[in-house]
Each structure stands twice: as C-alpha cells, then as structure tokens.
Amino acid sequence: RELVDNPIDYRQGQRLTIEISEDKRRRTVVVESDGGRGMGAEEIQVWLNWGEGENHDATHIGKYHQGGKAACGFLGRHVRLWAKRRGEDDVWFLEDDGWGDRRSPKNFGVPRPISSGQYPQTMQGLPTDRGHVRIELAKLVKDRRWNLEVLKRDLSSTYRFLLSEGNVHIKIKDNEVLPLTIPLSTVEKRIDVDVKGLSGGRTVSGWAARMKRDELSAPIKAGLRLVHNGRLVKEGEWFGYNFEGKGALNSLVGELHMRGFSPVPNKTDFVERSDEVWEKVGDKVLEQIAPQLGLKKSKHLI
C-alpha cells in the first residue's frame, strides 16, 4: 500500500494505472505505475535520502517521506527502479542489491539516462506527457509475502473511494481490482454526517447506514471507516461508544472523510486521537448518527 500511495499523490490530475505482478520463477514482485508526474533524476536522488522528500500538500496521502523506501526493504533486499518524468523522454535506472540491510551510505554515481535497449518491455514507447515508474523487488523476505487474493481484497477496501471515482486503477497480474462493494439496507435510511467548526479548519463529512451482511463479498468490520484523501486509514471506529454486546450494531457501517487530520506514519490511525479535537469530533459524529445507534442524544447519555 505504501508503494501504491506514492504514485497516487503525484498523479497530477491524470488517469493513473498501477499494476502489481509477481514472478515465482525469478522470485520477484513488481509495482509499476503509469500516469501522473513520474520521477526524473532529481526526484530519485531526493527519494534515496531517508526522511527527505518533496513538500507534500494537503491533498497528499503521504507526509513523512519514509513509507515507500521502508516498504521496499520490508518486502525484499534487492531493489531495481526504472523511472521517467512527465514531459521528458529520458529513462533513469537505479539498482541496490543491499537495500534492506545496508548499514552505511552508498554512492550511486553520476546520474545518466539509460538507452532504449535497456528499457523493460513495459517501458518501450512511452508517451512524453505521462510519467512512469517501475519498482522491481527481489530477494524477497519469505515471511512477508502476500496471498494475492488477500492483497486484492485489501487494496479493494483501502482504495475503495479512489477506485470508485475512476481516476485510479489498480491491477494484480492483469486482473482489475474493483472497489469494495458495501450493500446497504433499503429499510433504514442512510444518515449524512457533516462536522464543522473544529480547530485548524478541520472538517468531517460522510455517511452512516446499515449494511446487508449476508450480501457482503468480503468481511467488513462494523463501525465507521475513516478516510484520509481517499485512502482508508482506520476501520471499525466507534469514537468511544461501547457497541460490544449490542448485536444489532454489527450491521452499522459508515465512511467519514477526515479533512485536515494527519495519519500516523504507518497510516493505521490519526495523530489527533490524543487531542481534545478528537473527543469533540466523536461527540458530534455520534450525535448525528444517534438514530442508527438507537441513541436519543449523545454518548454521554448511553
């Protein structure tokens, strides 16, 4: 997911296609993105330095300039990268056979574009106006390999909103990853959520409803799904409401877009959870979805 986040952040309004493939014979995994800005020599040089990176803006998923680099080392020990920047035809190549366990700085030499005869087949004849990045990981860490069906399900859920918009497409071995479908009850009304007036201009918007569990194509946690710039960060959120033992709430689901909030570095939660603003968010959200929870007012009157 970290390797998927990066091209999404720099798609620059273009349709983006990300393809993930694996070669059991060569023991490699490839993540290849087409569209958006891509990378040139300068971007690769910046990317190489741990904790360094280009300035992220408020629309980006990433913030800390570590995720993609760490993901490469988490999955494999040998990294090969080919990249082309939007608006340019040069293709750049980087290789490191000790990515995951190198303990000292490495000099990769003076950047020089490679010749067309050295391009992978997928990078032959690329249009000038589209960026392209191919990351190939080898010497895979054995206990960190993914079951491809599980990976497909996770990506379908994590990028549900972006996939539904149609500007981001993800494929696994040529099979399109479709956005997670959440079948909603037609008996109970969907409730809109809109929270404003928070410090720092933060806002929360989305919906809550009852899902038809017997029609789910994949397991979904009950509770609210918290989304940051189109990417799922936290699922099963209840903002302090004690739903345990209330069987009827196993069908409650929702999707909230957390604007102005910051995910923690591994993107499994939000930095603000320990702040006063989080309790205020919880109070307002629970008050608005009280009809779905069977509450009359707020969590303080449970």
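In this predicted model, the largest nonpolar core has 33 residues, and those with the most contacts inside it are Ile8, Cys72, Leu155, Tyr159 and Ile170. Strand β5, which runs over residues 132-140, gives the most to this core, with 4 residues. Apart from it lies another core, of 26 residues, which has Leu249, Leu252, Leu256 and Met258 among its members. As a background to both, nonpolar side chains in soluble globular proteins tend to be buried together.

- Tyr159, listed among the residues with the most contacts inside the largest nonpolar core, is in contact with Arg1, Val4, Asp5, Ile8, Ile170, Gly230 and Arg231 once its neighbours within four places in sequence are left aside.
- Two of these partners, Ile8 and Ile170, are themselves named with Tyr159 among the residues that have the most contacts inside the core.
- Helix α4 spans residues 148-158, and its buried residues are Leu151, Asp154, Leu155, Ser156, Ser157 and Thr158; of these, Leu155 also belongs to the group with the most contacts inside the largest nonpolar core.
- The cover over the buried residues of α4 includes the strands β1 (16-23), β6 (168-172), β10 (223-228) and β11 (231-237), together with the helix α5 (160-165).
- At the start of α4, the backbone nitrogen of Glu149 has a side-chain oxygen of Asn147 within 2.8 Å.

- The side chains of Lys267 and Asp5 make a polar contact of 2.8 Å.

**His78, Asp97 and Lys139**

- His78 is found in strand β3, residues 76-84, and counts as buried because its relative accessibility is 13%.
- Not counting residues up to four places away in sequence, His78 touches Glu95, Asp96, Asp97, Glu136, Leu137, Ala138 and Lys139.
- Asp97 sits in the loop between β4 and β5, and with a relative accessible area of 42% it is therefore partly exposed, a class that lies between the 20% and 50% cut-offs.
- The side chain of Asp97 makes polar contacts with two side chains, that of His78 at 3.3 Å and that of Lys139 at 3.0 Å.
- With residues up to four places away in sequence set aside, Asp97 touches Arg77, His78 and Lys139; Asp97 and Arg77 are 20 residues apart in sequence, while their C-alpha atoms are 6.5 Å apart in space.

**The second largest pocket**

- The second largest pocket has a volume of about 300 Å³ and is lined by 16 residues, with Leu48, Leu94, Phe108, Gly109 and Pro111 lying nearest its centre.
- Helix α2 (41-48) and strand β4 (91-96) each supply at least two residues of this lining.
- By class, the lining comprises 9 nonpolar, 4 polar and 3 charged residues.

**Loop residues and backbone angles**

- Arg27 has a positive phi of about 55 degrees although it is not a glycine; this arginine lies in the loop between β1 and β2 (28-34) and, because its relative accessibility is 40%, counts as partly exposed.
- Asp174 likewise is not a glycine and yet has a positive phi, of about 75 degrees; its place is in the loop between β6 and β7 (175-176), where a relative accessibility of 64% means that Asp174 counts as exposed.
- Thr59 belongs to the loop between α2 and α3 (67-75) and counts as exposed because its relative accessibility is 57%, the cut-off for exposed being over 50%.
- Thr59 and Leu126 are 67 residues apart in sequence, and their C-alpha atoms are 27 Å apart in space.

Key. Residues are numbered from 1 along each chain as its sequence is written. This is a predicted model: local features need pLDDT of at least 70, side-chain atom pairs count only at pLDDT 80 or more; totals for chains, interfaces and linings use all residues. Side-chain values use heavy atoms; hydrogens and water are left out. On a 1 Å grid over the protein atoms alone, a cavity is a set of points where a 1.4 Å probe fits but cannot get out, and a pocket is an open set with protein on both sides within 12 Å along at least five of seven lines; lining residues have an atom within 4 Å of a point. Grid points are joined across faces, edges and corners, and a volume is the space filled by probe spheres set on the points. Ala, Val, Leu, Ile, Met, Phe, Trp, Tyr, Cys and Pro count as nonpolar, Asp, Glu, Lys and Arg as charged, and the others, Gly among them, as polar. Buried means under 20% relative accessible area, exposed over 50%, partly exposed in between (1.4 Å probe, protein chains only). Contact means heavy atoms within 4.5 Å. A polar contact is a pair of N or O atoms within 3.5 Å; within protein, one must be able to donate a hydrogen and the other to accept it, and residues adjacent in sequence count only if both atoms are side-chain atoms. A nonpolar core is a set of buried Ala, Val, Leu, Ile, Met, Phe, Trp, Tyr and Cys residues joined through side-chain atoms within 4.5 Å.
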